[in-house]
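Subject: Structure handover

Hi,

Here is the structure I promised to pass on to you. Please open it alongside this note, and I will walk you through what turned up.

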Amino acid sequence: MSLNPLNTVADLRDYLQVAIALEHATLPPYLIAMYSLKPGHNSAAYQQIRMVAIEEMLHLVLSANILNAVGGTPDLTAPDFVPKYPTHLQNGEKDFVVNVQRFSKEAINNFLQIERPVAPPHDHGRFSRSMTRSAATSYAVPPVRQADGQELHFCTIGEFYKEICEKMELLEKEANARNETIFTGDPARQIDAGYYYSGGGEILVVTDLTSASKAIRLITEQGEGYEGGIFDYEGELSHYYRFQQIKLGRYYVCGDKPDHPTGARFTVDWDAVYPVKCNSDISDYRDHPELLAAVMDFRATYQTFLENVTKALTGQPQILQETVGEMFRLKEKFYHLMKNPIPGQCDVNAAPVFGPIR
Amino acid sequence: MPEVKLAHAGCVDPAAAAAKFYDVVVVGAGVSGAIIAKELSEAGKRVLVLEAGPGHDMSLEGYETYLNRFYTAVSKDNNSPYAKNPYAPMPRTEDVKRLTPGKPDATGYLVQNGPYPLESTYTRVVGGTTMHWEGKALRMVPEDFKTSTLFGHGRDWPLSYRDLMSDYDKAEFELGVSAEVESQSYLGIEFEPGYVFPMHELPPSYLDKAVSRVVDGSEVLLDGKQYPLTVRTTPQARNSIPNPAYNGGQGYQPVGAVSIYPIDYGERCQGNINCVPLCPVQAKYDATKTLAKALATGRVDLLSQAVASKINYDTGTGTVTNIEVKTYDLEGQTSRTISVKGQIFVLAANAVENARLMLASKLPNTSDQIGRNLMDHPFLLNWALMPQVTGTMRGSQSTSGIEELRTGEFRKKQAAFRVSIHNDGWGWSTGAPYAQFLEAVDRQNKFGKKLRERLVDQISRQLQLAIQFELMPDPKNRVTVEDRYTDGLGNLRPVLNYELSDYALEGVAYARRFCQLIFQRLGAEDYTSYDPREPGYLEYKGQGYSIRGGNHWSGTHLMGTNPADSVVDANQRCWDHPNLYPVGGGSMPTIGTSNTTLTLAALCFRTARHLSQVLA
């Protein structure tokens with residue numbers, strides 16, 4: 001299976017569903033790294049990862065608002081919505097895999113790959129020119145298959161959204177020429193500030209091209225900075241540089257150049273971490289019934305949570321408030337697992353399994 | 001973004017502060033001082049804020065240091081997050097003991113002369129007592145402003161509710177109050193047409209609903225009159241869902257945690273049931289949020305570890321010339337005295353410290369009222385087990401209350417009161433949930449499933465009604481200073497004389513019967529008992545009660561229309577000194593039954609407006 005080149009509103013909906021899956025796919029690695037930090041240590045690192053994670057959640061909801069606005073239906077329960085880690089990113093970036101692992105230098109380097117900024121325009125950063133050609137992998141969410149059968153991959157998350165934004169504008173322009181609009185969705189499905197809980201920036205209700213473009217701009221700039229800068233247009237540090245702060249042990253302040261933060265230094269205790277299993281899988285627990293039961297319980301809770309978020313994003317926004325309680329329960333279950341060693345393995349603790357069992 | 005970012009902490013060193021002449025010198029970095037500093041700095045004025053306690057806390061790390069000290073403290077009293085500091089000591093609950101008649105107790109910071117020991121505390125760090133407050137933000141009812149005329153008790157304010165109404169609006173914006181106009185329009189409380197609170201009410205808890213199902217519409221008899229009761233949500237300075245209709249449809253952005261580096265934290269209440277002393281997620285307002293805005297103007301200097309020690313003034317005109325400030329270094333254990341100068345001096349150090357400073361400075365005291373009329377809200381706790389599991393221990397600490405008895409003709413005879421339903425169950429009265437856990441493990445030998453069942457049975461059914469009484473101003477209740485009582489810097493410590501009037505105790509006796517009746521109607525088992533060994537135990541008309549402190553210090557420099565019987569005017573200007581403004585709870589002539597912070601914040605907005613005209 002592969003995505004079509006983006007030419008129709010149906011294609012646009014497919015791409016936005018992929019965008020939602022893409023935003024979600026970053027959460028297991030970020031949350032595992034964050035919760036693997038032993039409470040009472042590494043407050044600075046914890047807060048930086050937490051901020052990125054809640055912004056990814058915001059991006060997920062913003063993408064859902066756009067998808068709803070163009071008459072689509074977000075689905076967080078679709079098969080393969082939750083990837084099996086290690087995985088490639090769902091936009092088709094192929095030169096690295098995303099691992100779900102304990103807080104470590106490797107994890108931060110992996111996060112920097114996920115959040116790498118889009119190359120500036122003069123550096124062949126445009127989607128049309130920089131799409132890479134590579135063999136198909138086993139990964140379920142597809143690259144773009146051209147008419148000639150060639151597969152193209154986006155190099156960054158920013159490029160993926162850029163493609164969505166440009167084609168969305170084009171489709172709306174074409175629709176307007178016919179006295180129509182692509183923004184035909186039910187406004188009652190939009191998530192607004194009343195229901196969107198806690199931080200990460202401002203939720204935007206999407207009803208037309210202007211608000212949709214604004215939402216995409218917020219997503220991409222929070223991730224990668226404004227026009228290659230390290231801050232977004234709200235003056236907030238972009239994700240790549242947030243993570244880089246942890247690597248460098250130093251905060252950026254306003255006016256800093258990329259890679260050279262000049263703010264306060266902070267120490268990172270790379271050892272105050274639960275040694276959780278990398279890319280935890282059900283097969284890791286086959287011989288340990290108690291851990292297996294706890295892992296299955298986590299996974300079931302996580303699936304129910306995704307079902308409820310889907311309900312919230314498809315016409316019952318008030319359910320988002322109930323999912324807040326579920327998120328607290330998930331956090332408890334994270335810690336429950338991550339504090340438990342896997343018997344017979346040297347210094348390896350259990351970790352949640354989010355996705356499909358294969 | 002909603003959070004408040006701090007580019008720089010705005011801290012100055014003592015020498016730099018001493019070298020400047022400020023438009024306004026503010027003593028105290030609590031809610032009053034922060035509001036005055038913010039309003040005047042935004043109006044272009046240069047402001048120095050002095051803080052007696054440490055000031056390196058306006059960061060997430062600083063806040064977490066407080067939280068961790070609280071988490072690890074054995075006694076989780078409301079000042080447990082704050083380290084003991086001999087140079088700016090603060091009252092602590094553990095210091096309060098039963099008094100021996102005629103014998104002052106000087107073991108804590110406050111010297112308690114009695115006859116009744118006042119259990120209340122305040123906090124001396126940047127942010128002041130909002131660093132431990134619960135966050136209830138009720139307006140006073142209009143009749144509270146003229147109790148002398150209406151009921152023959154207390155004093156009339158020089159202001160009416162209507163005079164203060166627009167400043168209440170401002171205070172509700174600054175503190176970020178969550179409530180609904182519909183549920184708050186009672187007993188004459190009015191709002192401007194179209195007004196809405198910045199955020200929607202915190203939803204009533206499951207426990208609230210269980211109580212309201214029985215209480216709503218039921219009646220009680222008081223002084224020959226039937227009063228129908230309603231359970232209402234309580235306005236609170238705690239982030240909830242913003243009301244899109246706020247400010248003519250502009251909406252409101254909840255204010256999150258103060259931090260030097262962006263952290264996107266503290267947006268909304270998560271129901272951690274740990275509001276006092278500190279909200280773990282900083283959804284509760286504290287004055288550092290306002291102070292951060294003041295510092296962001298670049299016109300505010302914050303000098304912490306600086307205790308105002310003596311006010312000097314021109315004996316001819318009364319004009320204050322400077323304040324002597326003792327600064328200290330906690331590590332080196334050294335101190336030095338500097339002098340700070342400005343055009344206007346604002347004392348925002350709270351009712352006790354303001355009075356202490358004025359008395360220690362031997363200011364002329366024309367009215368003889370400085371330090372007198374000390375008020376607080378006495379509390380009476382009542383606790384019971386509900387017949388069904390009510391999910392106690394979830395939510396913020398209190399989301400609803402009963403307000404109908406906050407005023408009425410009965411105030412001619414006895415104190416008014418309001419009732420808080422406590423989502424944290426018997427926490428305040430018995431130390432729940434820890435007490436029940438220890439009991440189940442140590443004495444009932446429960447473990448495993450039996451232990452869990454026992455805890456659900458004993459904790460999830462808990463209902464505590466906290467009754468908060470009005471206390472009228474009484475010149476005998478007072479703060480004084482005596483040369484023999486000094487702190488680590490040689491500053492004179494506050495000496496308290498405090499007693500409860502029969503007017504208040506008549507209210508207490510009624511309220512106890514009131515709670516017994518409510519428990520009876522709810523089918524709840526009343527577990528209330530008052531231990532004669534407790535510091536606040538007293539007997540009235542043959543019945544024993546334990547009275548707790550409310551931490552709502554007020555009245556020590558009350559406002560009036562006559563220099564002969566009041567300390568400040570309606571703008572909180574000292575009658576004796578044209579450029580001295582003792583502000584905050586101390587200026588309130590009466591406090592009714594509303595927690596004092598919202599009203600004193602409103603008064604500070606009023607005074608800030610007045611000062612910007614004076615300084616124009």
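From the N terminus on, chain A runs α-α-α-α-α-β-β-β-α-α-α-α-α, giving 10 helices and 3 strands. Helices (H or I, at least four residues) and strands (E, at least two) are DSSP runs, numbered from the N terminus.

Some housekeeping before the details. This is a predicted model, where local features need pLDDT of at least 70 and side-chain atom pairs count only at pLDDT 80 or more, while totals for chains, interfaces and linings use all residues. Residues are numbered from 1 along each chain as its sequence is written, chains are lettered from A and ligands numbered from 1 in the order in which they are written, and side-chain values use heavy atoms, with hydrogens and water left out.

Of the 358 residues in chain A, 57% count as buried (under 20% relative accessible area, with exposed over 50% and partly exposed in between; 1.4 Å probe, protein chains only). Among contacts (heavy atoms within 4.5 Å) that join residues at least 6 apart in sequence, 67% link residues at least 24 apart.

The axes of H3 (residues 43-69) and H8 (residues 239-248) of chain A are 9 Å apart, at an angle of about 160° (lines fitted to C-alpha atoms over the stretch in contact, with angles from 0 to 180 degrees between N-to-C directions). H3(A) and H8(A) are therefore roughly antiparallel (over 145 degrees; under 35 is roughly parallel, 65 to 115 roughly perpendicular and the rest oblique). On the H3(A) side the contact includes A:Ile49, A:Val52 and A:His59, and on the H8(A) side A:Phe243 and A:Ile246 are among the residues involved.

Finally, have a look at A:Asp284, in the loop between H8 and H9 (289-313) of chain A. A:Asp284 counts as buried because its relative accessibility is 17%. Its side chain reaches the backbone nitrogen of A:Asp281 at 2.8 Å. Leaving aside residues up to four places away in sequence, A:Asp284 touches A:Lys277, A:Asn279 and A:Ile342.

Best wishes

Definitions and conventions
A polar contact is a pair of N or O atoms within 3.5 Å; within protein, one must be able to donate a hydrogen and the other to accept it, and residues adjacent in sequence count only if both atoms are side-chain atoms.
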